[in-house]
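Please keep the sequence and the three-dimensional view at hand while reading.

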Amino acid sequence: MSFVVETEHLAAGYDGREILRDVSLRVTAGDVVAVLGANGSGKSTLIRTILGLVPTLRGGIELFGTPQKRFRQWERIGYVPQRLGAGSGVPASVGEVVASGRLARRGVFGFPGRTDKAAVREALHAVGLLDRIDDPVATLSGGQQQRTLIARALAGKPDLLVLDEPNAGVDAASQEAFAGALARFAGDGGTILLVLHELGPLRPLIGRAVVVHDGRIAHEGTPPEPAGHHAEPDHEHLHPHAEEIKPAICEWAPTEGTKAY
Ligand SMILES: Nc1ncnc2c1ncn2[C@@H]1O[C@H](COP(=O)(O)OP(=O)(O)OP(=O)(O)O)[C@@H](O)[C@H]1O
């Protein structure tokens with residue numbers, strides 16, 4: 001069986017400084033996987049290494065069953081990095097930014113056709129920004145700009161969406177709109193790998209969470225319960241055998257600094 005993403009004993013870092021030490025992760029088609037962990041634990045490094053943006057020191061990565069070094073179907077992957085950088089100074093309209101997500105599909109020398117335009121409108125509709133299609137990106141709020149980037153990734157009709165903290169600093173309305181767009185993408189069979197600080201409105205969508213700690217996956221399983229659940233004084237009595245059954249799968253106590261709650 002091939003996976004959408006598979007890493008085997010992956011190690012990666014910057015300038016000889018190892019950040020990821022030993023990460024083995026498998027993402028199956030249709031999975032929605034959240035990467036959690038403390039600040040600086042290496043969450044972004046993990047997804048950026050998977051995408052070939054950070055060099056691998058050891059171990060292997062496969063994308064859609066092909067070793068990453070030989071993988072060429074990048075149009076199958078939509079990537080939303082952590083920040084647009086509102087002050088980029090690029091006077092592009094919302095529609096233009098989203099249309100740039102079609103480049104890999106139509107080829108750099110191809111001109112946008114009806115399919116491209118339809119894909120752009122569909123993606124903007126999905127994130128609730130179709131009415132802003134002609135507005136300069138700079139006039140949008142941070143949350144709306146983030147939604148524009150998500151529309152850009154969706155417009156490319158990817159099979160896999162990779163998102164780095166898409167909700168960071170994003171207003172509640174944008175978070176809800178974004179959760180709806182992701183739910184539709186997942187409902188259509190799309191695969192999602194995303195870094196999150198808080199599960200928030202995305203919680204019902206997340207099928208599996210992996211917690212990165214000290215360059216390794218410390219915990220993996222269904223998403224942790226919302227805040228308060230583990231804090232209940234009689235929690236141990238409610239689940240007396242949870243630790244013995246599957247310590248790292250069903251439940252875990254949050255590690256210090258884990259901001260999944
Ligand atoms: N381009 C880079 N060059 C050098 N070091 C980097 C680079 N990017 C990240 N690092 C370092 O790698 C470590 C892990 O960073 P990373 O961004 O992967 O963590 P993270 O878990 O995503 O953190 P956060 O939650 O703060 O976004 C940090 O110590 C960071 O300073």
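V137 is buried, because 22 other C-beta atoms lie within 10 Å of its own. A residue is called buried if 20 or more other C-beta atoms lie within 10 Å of its own, exposed if 12 or fewer, and partly exposed in between, with C-beta atoms placed from the backbone. The model is predicted: local features need pLDDT of at least 70 and side-chain atom pairs count only at pLDDT 80 or more, whereas totals for chains, interfaces and linings use all residues. Residues are numbered from 1 along each chain as its sequence is written.

V137 belongs to the loop between α4 (114-126) and α5. Helices (H or I, at least four residues) and strands (E, at least two) are DSSP runs, numbered from the N terminus. Apart from residues up to four places away in sequence, V137 touches A92, S93, V94, V97, Q145 and T148. Two residues are in contact if their C-beta atoms, placed from the backbone, lie within 7 Å. The C-alpha atoms of V137 and G40 are separated by 30 Å, and the two residues are 97 residues apart along the chain.

**The chain and its core**

The protein chain contains eight helices and ten strands. Buried residues make up 38% of its 261 residues. Among the contacts with a separation of 6 or more, 72% join residues 24 or more positions apart.

In soluble globular proteins, nonpolar side chains tend to be buried together. A nonpolar core is a set of buried Ala, Val, Leu, Ile, Met, Phe, Trp, Tyr and Cys residues joined through C-beta atoms within 7 Å. The largest such core has 63 residues, of which V35, A123, V127 and A151 touch the most other members. Helix α5 (residues 142-155) gives the most to this core, with six residues. Once its neighbours within four places in sequence are left aside, A123 is in contact with V98, A151, L154 and A155.

**Strand pairing**

Two strands pair if DSSP finds at least two bridges between them.

| Strands | Sense | Bridges | Opposite residues |
|---|---|---|---|
| β3 (residues 32-37) and β8 | parallel | four bridges | V33 and L193 |
| β7 (residues 160-164) and β8 | parallel | five bridges | L161 and I192 |

Strand β7 pairs with β8 in the parallel sense. The chain crosses from β7 through helix α6 (residues 172-187) to β8, and this β-α-β crossover is right-handed. A crossover has that hand if, with the strands pointing away from the viewer, the path from the first strand over the helix to the second runs clockwise.

Strand β8 (residues 191-195) is mostly covered, with five of its five residues buried. In a regular strand the side chains alternate between the two faces of the sheet. In β8, T191, L193 and V195 point one way and I192 and L194 the other way, and all are buried.

**Positive phi values**

The hairpin of β1 and β2 has two residues between the strands, and D15 in this hairpin takes a positive phi near 50 degrees. F64, in the loop between β4 (56-63) and β5 (66-67), has a phi near 50 degrees, a positive value in a residue other than glycine. F64 is partly exposed, because 17 other C-beta atoms lie within 10 Å. K157, in the loop between α5 and β7, likewise has a positive phi near 50 degrees and is a residue other than glycine. K157 counts as partly exposed because it has 17 C-beta neighbours inside 10 Å.

**Around the ligand**

Which residues surround the ligand? They are Y14, I19, G37, N39, G40, S41, G42, K43, S44 and T45. A residue is near a molecule or strand if its C-beta atom, placed from the backbone, lies within 6 Å of it. This shell divides into two nonpolar, seven polar and one charged residue. Here Ala, Val, Leu, Ile, Met, Phe, Trp, Tyr, Cys and Pro count as nonpolar, Asp, Glu, Lys and Arg as charged, and the others, Gly among them, as polar.

Helix α1 (residues 43-50) supplies the largest share of the shell, three residues. This helix is mostly covered, since six of its eight residues are buried. The buried residues of α1 are K43, T45, L46, I47, T49 and I50. After α1 comes G52, whose phi is positive, near 85 degrees.
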